[in-house]
Amino acid sequence: MYPDPQSRSAQLYERGRKVMPGGNSRVGVMFEPYPVYAASAKGCRVTDVDGTERIDFINNWSSLIHGHAYGPVVEAVAAQLARGTAFMMATEQEVLHAEHICSRS
């Protein structure tokens, strides 16, 4: 039951307060007396570090329109990770991405 001062979320918040202003990295996740910490998510459901599953109505402020861990997105990210990330050179992917964005205007 939230809030539970013995919960894993409460413990993580206390740890976080020692290393981050406000105890977490984003003001949008802060709730009194402490934020709930996510452990995993799939589709529209998120499970917190205390094992409570909830429907995620926020989906990272709508940036996750496909939900969490959507198969095609996971596959595309895994494929790119296998090819490498953060190159110190230009990439075809950045050109493709820019062309896609420009085509939408």
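Buried means under 20% relative accessible area, exposed means over 50%, and partly exposed is in between, with a 1.4 Å probe and protein chains only. The structure is a predicted model, in which local features need pLDDT of at least 70 and side-chain atom pairs count only at pLDDT 80 or more, while totals for chains, interfaces and linings use all residues. Residues are numbered from 1 along each chain as its sequence is written, and side-chain values use heavy atoms, with hydrogens and water left out.

**Stop 1: glycine 71 and its helix**

Select glycine 71, which lies in helix α2, where helices (H or I, at least four residues) and strands (E, at least two) are DSSP runs numbered from the N terminus. Glycine 71 counts as partly exposed because its relative accessibility is 31%. If you also select proline 3, 68 residues away along the chain, you will find 33 Å between the two C-alpha atoms. After α2 comes glycine 84, whose phi is positive, near 120°.

**Stop 2: the hairpin**

Select β1 (38–42) and β2 (45–48), which pair in the antiparallel sense over four bridges; two strands pair if DSSP finds at least two bridges between them. Across the pair, serine 40 stands opposite threonine 47 in β2. The two strands form a hairpin with two residues between them, and glycine 43 in the turn has a positive phi of about 65°. Is β1 largely buried or in the open? Zero of its five residues are buried, so β1 lies largely in the open.

**Stop 3: the loop between β3 and α2**

Move to asparagine 59, in the loop between β3 (53–55) and α2 (71–83), which counts as buried because its relative accessibility is 17%. Leaving aside neighbours within four places in sequence, asparagine 59 is in contact (heavy atoms within 4.5 Å) with Gly43, Leu64, Gly67 and His68, and Gly43 is the turn glycine of the hairpin. Serine 62 is also placed in the loop between β3 and α2, but serine 62 counts as exposed, because its relative accessibility is 54%.

**Stop 4**

Most residues other than glycine have a negative phi, and most peptide bonds are trans. Serine 62, although not a glycine, has a positive phi of about 75°. Alanine 86, in the loop between α2 and α3 (92–103), has a positive phi near 50°, and alanine 86 counts as exposed because its relative accessibility is 79%. Finally, select glutamate 32 and proline 33, which are joined by a cis peptide bond with omega of about 5°; proline 33 is in the loop between α1 and β1.

**Stop 5: the largest pocket**

Which residues lie nearest the centre of the largest pocket? Select Arg26, Val29, Phe31, Val36 and Ala38, which lie nearest the centre among the 27 lining residues. On a 1 Å grid over the protein atoms alone, a pocket is an open set of points where a 1.4 Å probe fits, with protein on both sides within 12 Å along at least five of seven lines, and lining residues have an atom within 4 Å of a point. The volume of the largest pocket is about 720 Å³, a volume being the space filled by probe spheres set on the points, which are joined across faces, edges and corners. At least two lining residues come from each of α1 (8–17), β1, β2 and β3.
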